[in-house]
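Please open the structure in a viewer and keep the selection panel at hand.

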Amino acid sequence: MMRLPLLDPQDPKSIDFEQLNPMVDLFLERGFTYFDTAYGYHQGESEAAFRKAVSERYPRDRYTITDKMPVWLAKEEADYERIFNTQLERAGVDYFDYYWLHALNRTLLASVDACKGWEFIARKKAEGKVRHIGFSFHDEANVLEGMLKAHPEVEFVQLQINYIDWDSPSVQARECYELCVEYGKKVIVMEPVKGGSLALVPDPVGTIFKEHSPEASPASWAIRYVASLPEVAMVLSGMSDLNQVDDNTSFMQEFKPMDEEEQGIVADAARLIKDSITIPCTACHYCTDGCPMNIAIPEYFALYNSLRQFGKTAAHNSKYYYNRFIAHRGKASDCIECGQCEEHCPQHIDIIANLKLVAKEYE
(Lines give C-alpha, C1' and ligand atoms only; values in the text may rest on other atoms or scores of the structure.)
Protein backbone atom coordinates (compact mmCIF):
# COMPACT_ATOMS: atom_id res chain seq x y z
CA MET A 1 0.00 0.00 0.00
CA MET A 2 2.92 2.34 -0.74
CA ARG A 3 2.97 2.89 -4.51
CA LEU A 4 -0.75 2.88 -5.30
CA PRO A 5 -2.36 4.06 -8.57
CA LEU A 6 -3.15 7.78 -8.61
CA LEU A 7 -5.73 9.96 -10.32
CA ASP A 8 -3.14 12.75 -10.44
CA PRO A 9 0.49 11.56 -10.72
CA GLN A 10 1.61 14.72 -8.91
CA ASP A 11 -0.71 14.19 -5.91
CA PRO A 12 0.15 11.17 -3.69
CA LYS A 13 -3.21 11.54 -1.92
CA SER A 14 -5.31 11.09 -5.09
CA ILE A 15 -5.60 7.29 -4.90
CA ASP A 16 -7.53 5.74 -7.79
CA PHE A 17 -9.92 3.22 -6.25
CA GLU A 18 -11.30 2.16 -9.63
CA GLN A 19 -7.85 0.69 -10.22
CA LEU A 20 -7.02 -0.25 -6.63
CA ASN A 21 -10.12 -2.32 -5.84
CA PRO A 22 -9.60 -4.79 -8.72
CA MET A 23 -5.94 -5.07 -7.68
CA VAL A 24 -7.00 -6.04 -4.16
CA ASP A 25 -9.60 -8.47 -5.52
CA LEU A 26 -7.09 -10.29 -7.74
CA PHE A 27 -4.49 -10.40 -4.96
CA LEU A 28 -6.93 -12.05 -2.53
CA GLU A 29 -8.47 -14.28 -5.20
CA ARG A 30 -5.07 -15.84 -5.83
CA GLY A 31 -4.58 -16.68 -2.17
CA PHE A 32 -2.41 -13.80 -0.98
CA THR A 33 -3.36 -12.00 2.25
CA TYR A 34 -0.53 -9.72 3.42
CA PHE A 35 -1.05 -5.94 3.16
CA ASP A 36 1.63 -3.48 4.28
CA THR A 37 0.82 0.12 5.15
CA ALA A 38 2.24 2.94 7.28
CA TYR A 39 1.18 6.20 8.88
CA GLY A 40 2.93 8.39 6.32
CA TYR A 41 2.50 6.47 3.06
CA HIS A 42 0.70 8.52 0.39
CA GLN A 43 0.97 11.53 2.69
CA GLY A 44 -1.23 9.90 5.30
CA GLU A 45 -3.81 8.33 2.96
CA SER A 46 -2.51 4.75 2.71
CA GLU A 47 -4.20 3.46 5.87
CA ALA A 48 -7.53 4.99 4.83
CA ALA A 49 -7.09 3.49 1.36
CA PHE A 50 -6.64 0.09 2.99
CA ARG A 51 -9.89 0.60 4.86
CA LYS A 52 -11.83 1.52 1.72
CA ALA A 53 -10.31 -1.15 -0.51
CA VAL A 54 -9.89 -4.01 1.95
CA SER A 55 -11.34 -3.87 5.46
CA GLU A 56 -14.69 -2.39 4.40
CA ARG A 57 -15.01 -4.90 1.55
CA TYR A 58 -13.75 -8.16 3.06
CA PRO A 59 -14.22 -10.05 6.36
CA ARG A 60 -11.33 -9.88 8.83
CA ASP A 61 -10.23 -13.46 8.27
CA ARG A 62 -9.51 -12.83 4.58
CA TYR A 63 -6.47 -10.60 5.09
CA THR A 64 -3.57 -9.67 7.35
CA ILE A 65 -2.37 -6.11 7.85
CA THR A 66 0.98 -4.68 8.86
CA ASP A 67 1.27 -1.10 10.13
CA LYS A 68 4.14 0.89 11.60
CA MET A 69 4.74 3.49 14.30
CA PRO A 70 6.30 6.69 12.83
CA VAL A 71 8.78 7.03 15.68
CA TRP A 72 10.17 10.35 14.38
CA LEU A 73 6.76 11.94 15.05
CA ALA A 74 6.44 10.57 18.59
CA LYS A 75 8.06 13.07 20.95
CA GLU A 76 6.70 11.60 24.21
CA GLU A 77 5.15 8.36 25.46
CA ALA A 78 1.57 9.59 25.03
CA ASP A 79 2.16 10.12 21.30
CA TYR A 80 2.56 6.39 20.76
CA GLU A 81 -0.91 5.62 22.10
CA ARG A 82 -2.51 8.51 20.21
CA ILE A 83 -0.91 7.60 16.88
CA PHE A 84 -1.65 3.89 17.31
CA ASN A 85 -5.34 4.53 17.96
CA THR A 86 -5.48 6.82 14.93
CA GLN A 87 -3.99 4.05 12.81
CA LEU A 88 -6.54 1.48 13.95
CA GLU A 89 -9.33 3.91 13.12
CA ARG A 90 -7.88 4.87 9.74
CA ALA A 91 -7.39 1.23 8.73
CA GLY A 92 -10.80 0.14 10.01
CA VAL A 93 -9.53 -2.74 12.13
CA ASP A 94 -9.56 -3.73 15.82
CA TYR A 95 -6.03 -5.11 15.79
CA PHE A 96 -2.94 -5.34 13.58
CA ASP A 97 -1.53 -8.71 12.63
CA TYR A 98 1.97 -7.22 12.48
CA TYR A 99 3.24 -3.96 13.89
CA TRP A 100 6.70 -2.44 13.52
CA LEU A 101 8.67 0.47 14.87
CA HIS A 102 9.23 2.24 11.55
CA ALA A 103 12.57 2.95 9.84
CA LEU A 104 14.84 2.64 12.86
CA ASN A 105 18.41 3.89 12.72
CA ARG A 106 20.99 5.09 15.22
CA THR A 107 19.58 8.65 15.15
CA LEU A 108 16.05 7.60 16.08
CA LEU A 109 17.03 4.95 18.62
CA ALA A 110 17.50 7.39 21.52
CA SER A 111 14.00 8.79 21.02
CA VAL A 112 12.45 5.31 20.87
CA ASP A 113 14.22 4.34 24.08
CA ALA A 114 13.23 7.57 25.85
CA CYS A 115 9.57 7.17 24.85
CA LYS A 116 9.61 3.47 25.77
CA GLY A 117 8.68 2.48 22.25
CA TRP A 118 9.87 -1.10 22.66
CA GLU A 119 7.73 -1.49 25.77
CA PHE A 120 4.77 0.02 23.90
CA ILE A 121 4.70 -2.55 21.08
CA ALA A 122 5.22 -5.40 23.59
CA ARG A 123 2.28 -4.09 25.63
CA LYS A 124 0.06 -3.88 22.56
CA LYS A 125 0.90 -7.49 21.80
CA ALA A 126 -0.02 -8.48 25.36
CA GLU A 127 -3.30 -6.56 25.01
CA GLY A 128 -4.17 -8.41 21.81
CA LYS A 129 -4.07 -5.24 19.73
CA VAL A 130 -1.06 -6.60 17.83
CA ARG A 131 -0.31 -10.22 16.97
CA HIS A 132 3.40 -9.94 16.07
CA ILE A 133 5.99 -7.21 16.71
CA GLY A 134 9.21 -6.06 15.12
CA PHE A 135 10.89 -3.12 13.42
CA SER A 136 11.94 -1.94 10.01
CA PHE A 137 15.56 -0.94 9.72
CA HIS A 138 17.80 1.39 7.70
CA ASP A 139 21.35 1.56 9.03
CA GLU A 140 24.60 -0.35 9.39
CA ALA A 141 24.85 -3.92 10.62
CA ASN A 142 26.57 -3.02 13.89
CA VAL A 143 23.57 -0.85 14.84
CA LEU A 144 21.20 -3.70 14.00
CA GLU A 145 23.15 -6.11 16.17
CA GLY A 146 22.85 -3.77 19.15
CA MET A 147 19.07 -3.69 18.72
CA LEU A 148 18.81 -7.45 18.38
CA LYS A 149 20.88 -8.00 21.51
CA ALA A 150 18.87 -5.47 23.53
CA HIS A 151 15.43 -6.61 22.36
CA PRO A 152 15.07 -10.38 22.03
CA GLU A 153 11.29 -9.96 22.25
CA VAL A 154 10.97 -8.76 18.64
CA GLU A 155 9.89 -11.44 16.18
CA PHE A 156 10.51 -9.89 12.77
CA VAL A 157 12.91 -7.43 11.15
CA GLN A 158 12.04 -5.64 7.91
CA LEU A 159 15.13 -5.07 5.78
CA GLN A 160 15.95 -3.57 2.41
CA ILE A 161 17.27 -6.45 0.32
CA ASN A 162 17.68 -6.80 -3.43
CA TYR A 163 20.33 -8.14 -5.75
CA ILE A 164 21.89 -4.70 -6.21
CA ASP A 165 22.11 -3.92 -2.48
CA TRP A 166 23.10 -7.43 -1.35
CA ASP A 167 26.81 -6.50 -1.25
CA SER A 168 26.34 -2.73 -0.97
CA PRO A 169 28.74 -1.18 1.58
CA SER A 170 26.14 1.46 2.49
CA VAL A 171 22.96 -0.66 2.73
CA GLN A 172 24.80 -3.78 4.00
CA ALA A 173 21.91 -6.07 3.08
CA ARG A 174 23.89 -9.30 3.36
CA GLU A 175 25.35 -8.44 6.75
CA CYS A 176 21.97 -7.38 8.15
CA TYR A 177 20.24 -10.50 6.85
CA GLU A 178 22.91 -12.78 8.28
CA LEU A 179 22.60 -11.08 11.68
CA CYS A 180 18.85 -11.74 11.69
CA VAL A 181 19.52 -15.39 10.90
CA GLU A 182 22.07 -15.55 13.71
CA TYR A 183 19.59 -14.08 16.21
CA GLY A 184 16.72 -16.25 15.04
CA LYS A 185 14.57 -13.50 13.51
CA LYS A 186 12.46 -13.93 10.40
CA VAL A 187 13.00 -11.27 7.74
CA ILE A 188 10.44 -9.22 5.83
CA VAL A 189 11.99 -7.85 2.63
CA MET A 190 11.27 -4.32 1.41
CA GLU A 191 12.54 -2.76 -1.82
CA PRO A 192 13.11 -6.10 -3.61
CA VAL A 193 12.71 -4.28 -6.95
CA LYS A 194 14.61 -1.24 -5.62
CA GLY A 195 11.85 1.30 -6.10
CA GLY A 196 10.96 -0.12 -9.51
CA SER A 197 14.44 0.29 -10.99
CA LEU A 198 14.91 -3.50 -11.23
CA ALA A 199 11.70 -3.76 -13.24
CA LEU A 200 13.15 -1.42 -15.89
CA VAL A 201 16.58 -2.91 -16.38
CA PRO A 202 19.06 -1.85 -19.09
CA ASP A 203 18.82 -3.71 -22.39
CA PRO A 204 21.86 -5.98 -21.81
CA VAL A 205 20.31 -7.20 -18.55
CA GLY A 206 16.93 -7.76 -20.17
CA THR A 207 18.65 -9.80 -22.86
CA ILE A 208 20.35 -12.22 -20.47
CA PHE A 209 17.10 -12.67 -18.54
CA LYS A 210 15.10 -13.41 -21.71
CA GLU A 211 17.70 -15.83 -23.05
CA HIS A 212 17.07 -18.01 -20.00
CA SER A 213 13.33 -17.40 -19.44
CA PRO A 214 11.63 -15.56 -22.33
CA GLU A 215 8.33 -15.06 -20.49
CA ALA A 216 9.70 -13.99 -17.09
CA SER A 217 9.60 -10.28 -16.26
CA PRO A 218 12.64 -8.47 -14.82
CA ALA A 219 10.60 -7.90 -11.63
CA SER A 220 10.11 -11.65 -11.25
CA TRP A 221 13.87 -12.17 -11.20
CA ALA A 222 14.25 -9.53 -8.49
CA ILE A 223 11.45 -10.87 -6.29
CA ARG A 224 12.39 -14.53 -6.67
CA TYR A 225 15.98 -13.67 -5.77
CA VAL A 226 15.07 -12.40 -2.30
CA ALA A 227 12.24 -14.91 -1.80
CA SER A 228 14.83 -17.67 -2.23
CA LEU A 229 16.67 -16.62 0.93
CA PRO A 230 15.81 -19.28 3.56
CA GLU A 231 14.83 -16.99 6.45
CA VAL A 232 12.70 -14.58 4.40
CA ALA A 233 9.08 -14.81 5.56
CA MET A 234 7.56 -12.21 3.22
CA VAL A 235 8.56 -10.10 0.22
CA LEU A 236 6.86 -6.72 -0.19
CA SER A 237 6.17 -5.28 -3.61
CA GLY A 238 4.71 -1.80 -4.10
CA MET A 239 2.34 -2.62 -6.92
CA SER A 240 0.83 0.29 -8.88
CA ASP A 241 -1.52 -1.33 -11.38
CA LEU A 242 -3.38 -4.55 -12.12
CA ASN A 243 -0.72 -5.82 -14.51
CA GLN A 244 1.90 -5.70 -11.76
CA VAL A 245 -0.39 -7.63 -9.40
CA ASP A 246 -1.06 -10.19 -12.14
CA ASP A 247 2.64 -10.64 -12.86
CA ASN A 248 3.80 -10.84 -9.23
CA THR A 249 1.12 -13.26 -8.12
CA SER A 250 1.56 -15.45 -11.21
CA PHE A 251 5.10 -16.51 -10.38
CA MET A 252 4.64 -16.50 -6.58
CA GLN A 253 1.54 -18.74 -6.47
CA GLU A 254 3.73 -21.81 -6.92
CA PHE A 255 7.04 -20.37 -5.86
CA LYS A 256 10.22 -22.04 -7.04
CA PRO A 257 13.50 -20.96 -5.38
CA MET A 258 16.28 -19.94 -7.73
CA ASP A 259 18.70 -22.65 -8.78
CA GLU A 260 22.46 -22.20 -9.09
CA GLU A 261 22.31 -21.21 -12.75
CA GLU A 262 19.72 -18.52 -12.07
CA GLN A 263 21.77 -17.19 -9.17
CA GLY A 264 24.70 -16.79 -11.55
CA ILE A 265 22.54 -14.92 -14.07
CA VAL A 266 21.39 -12.51 -11.35
CA ALA A 267 25.01 -11.93 -10.30
CA ASP A 268 25.85 -11.00 -13.90
CA ALA A 269 22.82 -8.69 -14.03
CA ALA A 270 23.88 -6.96 -10.82
CA ARG A 271 27.32 -6.22 -12.25
CA LEU A 272 25.84 -4.74 -15.41
CA ILE A 273 23.32 -2.58 -13.57
CA LYS A 274 25.81 -1.28 -11.03
CA ASP A 275 27.83 0.05 -13.94
CA SER A 276 24.82 2.02 -15.25
CA ILE A 277 23.10 3.53 -12.17
CA THR A 278 24.39 6.95 -11.22
CA ILE A 279 22.33 7.74 -8.10
CA PRO A 280 21.09 4.72 -6.03
CA CYS A 281 17.76 6.25 -4.97
CA THR A 282 14.79 3.94 -4.20
CA ALA A 283 12.12 6.71 -4.17
CA CYS A 284 11.10 6.05 -0.56
CA HIS A 285 10.48 9.84 -0.17
CA TYR A 286 11.83 9.98 3.37
CA CYS A 287 13.94 12.90 2.13
CA THR A 288 11.05 15.04 0.91
CA ASP A 289 8.63 15.24 3.86
CA GLY A 290 10.58 18.03 5.57
CA CYS A 291 12.22 19.67 2.56
CA PRO A 292 11.80 23.43 3.07
CA MET A 293 12.11 24.05 -0.68
CA ASN A 294 9.60 21.35 -1.70
CA ILE A 295 12.09 19.71 -4.06
CA ALA A 296 10.97 16.46 -5.73
CA ILE A 297 14.28 14.77 -4.95
CA PRO A 298 13.52 11.10 -5.85
CA GLU A 299 11.73 12.10 -9.04
CA TYR A 300 14.66 14.24 -10.19
CA PHE A 301 17.12 11.46 -9.41
CA ALA A 302 15.01 8.95 -11.36
CA LEU A 303 15.01 11.26 -14.38
CA TYR A 304 18.76 11.77 -14.11
CA ASN A 305 19.40 8.01 -13.81
CA SER A 306 17.21 7.34 -16.84
CA LEU A 307 19.15 9.89 -18.84
CA ARG A 308 22.45 8.31 -17.84
CA GLN A 309 21.25 4.74 -18.46
CA PHE A 310 19.43 5.23 -21.76
CA GLY A 311 21.13 8.29 -23.21
CA LYS A 312 19.55 10.22 -26.05
CA THR A 313 16.49 7.96 -26.20
CA ALA A 314 15.46 9.27 -22.77
CA ALA A 315 16.59 12.87 -23.17
CA HIS A 316 13.39 14.44 -24.50
CA ASN A 317 11.00 12.77 -22.02
CA SER A 318 13.42 13.36 -19.19
CA LYS A 319 13.58 17.11 -19.84
CA TYR A 320 9.82 17.28 -20.37
CA TYR A 321 9.02 15.70 -17.02
CA TYR A 322 11.58 17.82 -15.21
CA ASN A 323 9.91 20.97 -16.52
CA ARG A 324 6.52 19.63 -15.44
CA PHE A 325 7.78 19.05 -11.91
CA ILE A 326 9.37 22.46 -11.45
CA ALA A 327 6.08 24.13 -12.39
CA HIS A 328 4.82 23.25 -8.90
CA ARG A 329 7.87 21.93 -7.01
CA GLY A 330 11.24 23.41 -6.16
CA LYS A 331 14.01 23.18 -8.75
CA ALA A 332 17.12 21.18 -7.98
CA SER A 333 19.06 24.47 -7.81
CA ASP A 334 16.68 25.74 -5.09
CA CYS A 335 18.41 23.47 -2.56
CA ILE A 336 19.61 25.50 0.45
CA GLU A 337 21.85 22.65 1.67
CA CYS A 338 20.15 22.32 5.06
CA GLY A 339 20.97 18.60 5.07
CA GLN A 340 17.69 17.25 6.52
CA CYS A 341 17.23 15.07 3.44
CA GLU A 342 20.59 13.37 3.88
CA GLU A 343 19.85 12.78 7.57
CA HIS A 344 16.73 10.77 6.64
CA CYS A 345 18.05 8.96 3.54
CA PRO A 346 18.16 5.16 4.10
CA GLN A 347 20.58 4.82 1.15
CA HIS A 348 23.07 7.35 2.60
CA ILE A 349 23.09 9.25 -0.70
CA ASP A 350 25.01 12.51 -1.04
CA ILE A 351 21.78 14.24 -2.00
CA ILE A 352 23.06 17.81 -2.02
CA ALA A 353 25.90 17.04 -4.41
CA ASN A 354 23.63 15.02 -6.69
CA LEU A 355 21.04 17.79 -6.82
CA LYS A 356 23.81 19.98 -8.20
CA LEU A 357 24.36 17.41 -10.95
CA VAL A 358 20.65 17.44 -11.73
CA ALA A 359 20.58 21.23 -11.84
CA LYS A 360 23.58 21.31 -14.17
CA GLU A 361 21.92 18.81 -16.51
CA TYR A 362 18.41 20.23 -16.65
CA GLU A 363 18.71 23.94 -15.84
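Select Phe 50 and Tyr 63: both are buried, that is, under 20% relative accessible area, where over 50% is exposed and the range in between is partly exposed (1.4 Å probe, protein chains only). The model is predicted: local features need pLDDT of at least 70 and side-chain atom pairs pLDDT 80 or more, whereas totals for chains, interfaces and linings use all residues. Residues are numbered from 1 along each chain as its sequence is written, and side-chain values use heavy atoms, without hydrogens and water.

Now display the rings. The whole structure holds 23 aromatic pairs; rings of Phe, Tyr and Trp (its six-membered ring) pair if their centres lie within 6.5 Å, and planes under 30 degrees apart are stacked, over 60 edge-to-face and the rest tilted. Phe 50 and Tyr 63 make an edge-to-face pair, 5.4 Å centre to centre with 75° between the planes. Phe 50 lies in helix α2 (residues 46-55) and Tyr 63 in the loop between α2 and β2 (64-69), 13 residues apart. Helices (H or I, at least four residues) and strands (E, at least two) are DSSP runs numbered from the N terminus.

Move to Trp 166 and Tyr 177, both buried. Their ring centres are 5.8 Å apart and the planes stand at 55°, so the pair is tilted.

Finally, select Glu 119, in helix α5 (residues 117-127). Its relative accessibility is 43%, so Glu 119 counts as partly exposed.
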